[in-house]
Amino acid sequence: MQAWRVHRNGEPGEVMRLTETALPVPGDGQLLLRVRAANINFPDVLLCRGHYQVRPPLPFTPGVEICGETEDGRRVIATPALPDGGLAEYAIADAAALLPAPDALDDAEAAALHIGYQTGWFALHRRARLQPGETLLVHAAAGGVGSAAVQLGRAAGATVIGVVGGPDKARVARELGCDTVIDRRTDDVVAAVKEATGGRGADVVYDPVGGDAYQQSAKCVAFEGRIVVVGFASGTIPAPALNHAMVKNYAVLGLHWGLYRTKDPAAVARCHEELTVLADRGDIRPLISERVPMKGAADAMRRVGEGTTTGRVVVLPAADGEHR
């Protein structure tokens with residue numbers, strides 16, 4: 001089969017190689033899946049660089065999120081078992097963790113429903129307890145993780161403010177349904193949030209960026225607001241001033257979705273049921289900006305790492321005619 005392999009750590013465009021390799025062999029409790037679509041996530045970039053919290057042995061195949069097909073023809077959503085990731089024609093995954101792909105979504109959309117939407121759902125509902133009528137501030141609102149949070153916030157009845165970088169991403173954020181869009185390159189984020197909220201600030205902040213985005217959040221979070229930290233795409237991990245959180249009476253919450261898979265897998269399954277209902281109703285639909293063939297995966301991952309893409313970029317390993 002064809003698979004992208006990483007033999008040394010570095011930038012994706014430099015270290016990924018498309019090669020012919022043997023099919024991966026499932027272990028106990030695992031299944032072999034034909035990959036119908038593989039979504040590119042920022043963790044895939046970090047895996048290539050060797051900067052992710054999990055470091056698979058070299059060589060490995062990246063790709064942490066797929067829509068696959070079982071031997072009996074079921075479409076499923078899975079997180080492949082590294083080092084045999086999803087940027088290949090076949091991958092393996094734990095049978096107990098497979099989730100049914102919603103009928104309302106095609107292969108690329110189904111592949112993108114999992115990690116970003118699960119992260120958003122747990123962050124907004126389990127950690128921040130977002131309520132209807134509250135204001136949600138989403139950083140990187142046009143990206144894969146941010147766009148999911150925007151849709152989930154709207155589905156929850158929140159007013160959504162999206163922060164983006166540049167006019168093209170601002171257009172995407174408006175199309176996603178953000179009530180207010182702030183361009184961090186030209187606007188004063190803190191002043192714009194306060195203006196949009198009548199001086200109150202945002203009740204919940206969704207931050208996959210860190211760095212300056214977190215510092216801005218702390219300055220425009222509302223009384224009894226909640227800042228949920230879900231990642232550090234900026235490359236800078238902030239050091240929150242806890243005296244500031246105490247004086248302004250807000251909470252800083254962390255969300256590592258992967259822990260739920262080991263600590264509370266039943267909650268992951270329940271979340272997927274909720275997401276499936278929302279997808280069936282049309283309340284959420286993954287934003288797929290590009291569907292690229294297998295040969296384009298390395299370049300696509302490079303662009304995801306550079307932050308120039310919007311929504312999700314999905315790799316389709318098989319011929320177009322073989323996909324829904």
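Buried residues account for 56% of the 324 residues in the protein chain, where buried means under 20% relative accessible area, exposed over 50% and partly exposed in between (1.4 Å probe, protein chains only). Keep in mind that this is a predicted model: local features need pLDDT of at least 70, side-chain atom pairs count only at pLDDT 80 or more, and totals for chains, interfaces and linings use all residues. Residues are numbered from 1 along each chain as its sequence is written, and side-chain values use heavy atoms, with hydrogens and water left out.

**The whole chain**

The protein chain has 12 helices and 15 strands; helices (H or I, at least four residues) and strands (E, at least two) are DSSP runs, numbered from the N terminus. Its radius of gyration is 19 Å, close to the 20 Å that the globule rule gives for 324 residues, so the chain is as compact as a globular protein of that length. That radius is taken over C-alpha atoms, and the rule is 2.2 Å times the number of residues to the power 0.38. Along its principal axes, the C-alpha trace spans about 60 × 40 × 35 Å. Take the contacts (heavy atoms within 4.5 Å) between residues at least 6 apart in sequence: 67% of them join residues at least 24 apart.

**Strand β3 and its partners**

Two strands pair if DSSP finds at least two bridges between them. Here is how β3 (residues 30–39) does it.

| Partner of β3 | Bridges | Sense | Residues facing each other |
|---|---|---|---|
| β6 (residues 90–94) | five | antiparallel | Gln 30 and Asp 94 |
| β4 (residues 66–69) | four | antiparallel | Ala 37 and Cys 67 |
| β15 (residues 312–316) | two | antiparallel | Asn 39 and Val 314 |

Asn 39 also turns up in the contacts of Asp 44, together with Pro 62, Gly 63, Val 64 and Met 301, once neighbours within four places in sequence are set aside. Asp 44 itself sits in helix α2 (residues 42–49) and counts as buried because its relative accessibility is 0%. Between the C-alpha atoms of Asp 44 and Leu 176 there are 25 Å, with 132 residues separating the two along the chain.

**The parallel sheet**

Now for an open sheet of six strands, paired in parallel and ordered β10-β9-β8-β11-β12-β13. Its edges are β10 (180–183) and β13 (251–254), each with a single partner strand, so one side of each is left without a neighbour in the sheet. From one strand to the next, the twist averages 20°. Axes are lines fitted to C-alpha atoms, for helices over the stretch in contact, and angles run from 0 to 180 degrees between N-to-C directions.

Within this sheet, β8 (residues 135–139) and β11 (residues 202–207) run parallel and share three bridges, with Leu 136 partnered by Val 204 in β11. Helix α5 (residues 144–155) packs on the sheet, touching β8, β9 (159–164) and β11, and its direction makes about 170° with that of β8. Helix α8 (residues 212–220) lies across β8, β11, β12 (221–229) and β13, at about 160° to β12.

**Where α4 meets α11**

The axes of α4 (residues 115–127) and α11 (residues 265–281) come within 10 Å and cross at roughly 100°. These two helices are therefore roughly perpendicular to each other (angles under 35 degrees count as roughly parallel, over 145 as roughly antiparallel, 65 to 115 as roughly perpendicular and the rest as oblique). From α4, the residues involved include Tyr 117, Trp 121 and Arg 126, and those they meet in α11 include Val 268, His 272 and Leu 275.
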